[in-house]
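Here is a short report on one chain. It moves from the overall fold to the core and then to a set of paired strands.

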Amino acid sequence: MRIRTLFFIGLSAYIALILLLCSCSAKASLIVEEPGEVSLHGDITGRLEIRVPDVIVYGNGYTVNGTGSTALQIGTASAHVDNVLIRDLGVVGSSTANDLQLAWIINAQNVMLEGCTIDLRGGNGYEVLQTQYSVNLTFRDCVFLSDGRNKLSLRSESRNFTFERCRIEVGGTGVQVTSGGGHLFKHCEITAGEVGVYYRTGAEPCEIINSLIVAPTTVSFFRYEHVGAFDVYNSTLIGDLAALSTGLESKIFLANCISTGKRIGKSRYYEWQNTWFEITDGPVGFLDGTYIPGASSAAIDAGNPAWVLWPDDLNGNPREVGIVDLGAYEHQGGYVPPDPPDPPIEPPIPPIEPPDSIDCPTDTLDMRIIWDNGVWTLVQTT
Ligand SMILES: [Ca+2]
């Protein structure tokens with residue numbers, strides 16, 4: 001919260017000096033055609049479309065309510081759009097025509113969505129999110145939802161994406177990657193009605209770290225054709241695994257994982273350490289209604305600390321209680337959190353008489369957020 005306050009103070013000063021400030025309480029579509037910052041103060045009924053680079057949108061918890069077409073569009077078919085940050089925005093779309101592409105990112109790079117919810121209601125077989133020809137996209141603390149057979153689709157040479165602490169809950173394919181690659185899922189929860197993650201014709205590697213993929217009636221992960229290496233660490237995969245290849249013979253590598261289904265495809269496409277396959281509830285002993293190892297589960301302390309790549313489990317609890325467990329969750333039995341350190345003792349502050357008048361400072365820090373070597377960085381401009 002303190003950081004967010006800093007952003008607003010700093011950006012307000014920056015905008016006043018150099019860029020456009022657009023405080024919007026739009027009821028119709030909003031097309032951003034100049035670089036700068038947009039701070040929403042109301043819902044948008046229609047589309048939010050960003051056509052230029054260097055744009056920051058503060059959603060402030062408001063929602064873009066698109067109907068019948070793309071509700072959020074970043075980039076255009078004819079020009080690149082780079083350096084876009086969207087924070088705390090809801091995107092809701094409804095369709096009965098099975099043609100709604102809720103969020104579309106095309107010809108874009110260095111794009112980050114943080115704290116956003118994208119929710120597609122209705123439709124059957126279309127896209128909650130679609131990307132094309134876009135690189136370096138980050139989704140942090142985002143939620144993707146659909147009540148139909150819709151999917152999240154990354155295609156047409158879309159590369160280098162990170163999903164961090166995201167929840168994807170859709171009736172179709174959780175994440176469908178075609179012709180792209182270089183994806184990283186960290187601390188994510190993917191629940192799909194069809195394939196959990198379907199990965200096809202992308203030569204760059206993909207990693208899944210400390211995540212849960214639930215596709216109980218189909219395949220939690222399906223790797224097909226010319227696909228690069230795929231590594232899965234400390235994750236729980238509910239459903240079968242499938243590795244089929246007609247080209248590169250790279251493997252699915254799993255470490256500290258639980259996979260409940262069978263393995264489909266040639267055994268040489270699989271490699272693993274400290275991982276259980278074809279496990280049902282019994283041997284794992286999940287706690288009722290969860291995928292957390294129960295008190296008598298053999299998954300407890302069965303992992304290898306060398307493959308711990310995330311500091312906490314999927315519930316936000318400590319990751320290594322004793323030795324790391326298999327799967328995305330750590331059994332917490334017997335864990336006693338350390339006592340917090342005593343707060344420093346502050347000397348008593350003598351009462352101060354209020355002055356007759358106060359000189360208000362006129363200087364304000366000028367700050368902006370820039371995309372620098374793959375991370376968003378707050379910099380001072382004066
Ligand atoms: Ca443990």
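Which residues have the most contacts inside the largest nonpolar core? They are Val-84, Val-91 and Ala-103, in a core of 89 residues. A nonpolar core is a set of buried Ala, Val, Leu, Ile, Met, Phe, Trp, Tyr and Cys residues joined through C-beta atoms within 7 Å. Strand 23 (residues 212-224) gives the largest share of this core, six residues.

The model is predicted: local features need pLDDT of at least 70, side-chain atom pairs count only at pLDDT 80 or more, and totals for chains, interfaces and linings use all residues. Residues are numbered from 1 along each chain as its sequence is written.

The chain has two helices and 31 strands. These are DSSP runs numbered from the N terminus: helices are H or I of at least four residues, strands E of at least two. Of the 382 residues, 42% are buried. Buried means 20 or more other C-beta atoms within 10 Å of the residue's own, exposed 12 or fewer, partly exposed in between, with C-beta atoms placed from the backbone.

Ala-103 is in contact (C-beta atoms, placed from the backbone, within 7 Å) with Ala-71, Leu-72, Val-91, Ile-118 and Leu-129, leaving aside neighbours within four places in sequence.

Strand 14 (residues 127-132) is largely enclosed by the rest of the structure, because five of its six residues are buried.

Conventions:
Two residues are in contact if their C-beta atoms, placed from the backbone, lie within 7 Å.
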